[in-house]
Amino acid sequence: VGLAFLTMFLSRAEILKQGGGAMQGLPPPEELEMIQWQELYNRLLSILQTYFISLYPPFMIGIDDMYVWQFLAAMAVGASTEQQHILVTEVRERVLETVIQASRLPTDKASHKIANVNLFLNALGLDASQLKNFEEEYSLHTNPHDIGNGEELPEDPIQDHRPRLLIMGQRRSGKSSIQKVVFHKMPANETLFLEATNKIVKEDIT
C-alpha cells in the first residue's frame, strides 16, 4: 500500500512537471515549486538508497512484484543520469535474474515477468529484449589481462609498436562506459548495466 501511494504521488508530480495539469485547468508549476519538488525527490532517493533491493519479495515465495517495478519506474522517470545509475546499480541483479527466470517459464508467465521488468527498463530507455544476450555480447572485459596482481605480462613485439591509451578517472566516473561506446559500439543507455571495474585491466582494441 505504501509503495502504491508513493508511485501514484511520483507519477502525478511528473505529469504536472510536464504540463499535464493544463488539461484540468491547472497552471504550469513555477520555478520555485520545481526546485522544491526536486529537493523532495532527492531526499526520498537518499533515504531509500541501499534499500531498493529489499523492496522485492523473495523469488521463492512467488508473489507478484509488479508493484515494485511500477515504483522504480516512477522513480526512474524523474531521475537524473547519476540517480538512474544508483537505481540500476542496486537492482541490476534482480533485473537480470528476472529475465533469466522468465526464459525458463511458460509463455504466459514469462510474458508477465518481462512486462514487469519493462516497466522499469522502459523508463530508462531500455527494453528487456536488449538484455537477453547482454552478458555474451558486451562482457565487461574482452580478453582482459589482470595487471593488478603483480604478475608481469608476456612481452609481445608486435603489440610493443601499437598505440596505447590509458584511461584513468574517479570511481564510477564512466571509464568503462566510454570504452564500450567508443570501441565496441555499445548503445550509451546500455552502459547502465555494466558492472564496476574493481581492478586494473589491459584490453586489446582492434
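## A charged pair across the chain

Which residue forms a salt bridge with Asp65? The partner is Arg94, with the closest N and O atoms 3.1 Å apart. This pair ties together distant parts of the chain, 29 residues apart: Asp65 sits in the loop between helix 2 and helix 3 (66-77), and Arg94 in helix 4. Both Asp65 and Arg94 are buried, meaning under 20% relative accessible area, with exposed being over 50% and partly exposed in between (1.4 Å probe, protein chains only).

A salt bridge here needs a side-chain nitrogen of Lys or Arg within 4 Å of a carboxyl oxygen of Asp or Glu. Helices are DSSP runs (H or I, at least four residues), numbered from the N terminus.

## About the model

This is a predicted model, where local features need pLDDT of at least 70 and side-chain atom pairs count only at pLDDT 80 or more, while totals for chains, interfaces and linings use all residues. Residues are numbered from 1 along each chain as its sequence is written, and side-chain values use heavy atoms, leaving out hydrogens and water.

## The other salt bridges

The structure holds 3 salt bridges. In one of them, Glu14 pairs with Lys17, their closest N and O atoms being 3.5 Å apart. These two are 3 residues apart in helix 1, so about one helical turn separates them. Glu14 counts as buried at 14% relative accessibility, whereas Lys17 is partly exposed at 23%.

Glu93 and Arg92 also meet in a salt bridge (3.1 Å, N to O). Arg92 belongs to helix 4 (residues 81-102) and is buried, at 6%, while Glu93 is partly exposed, at 42%.
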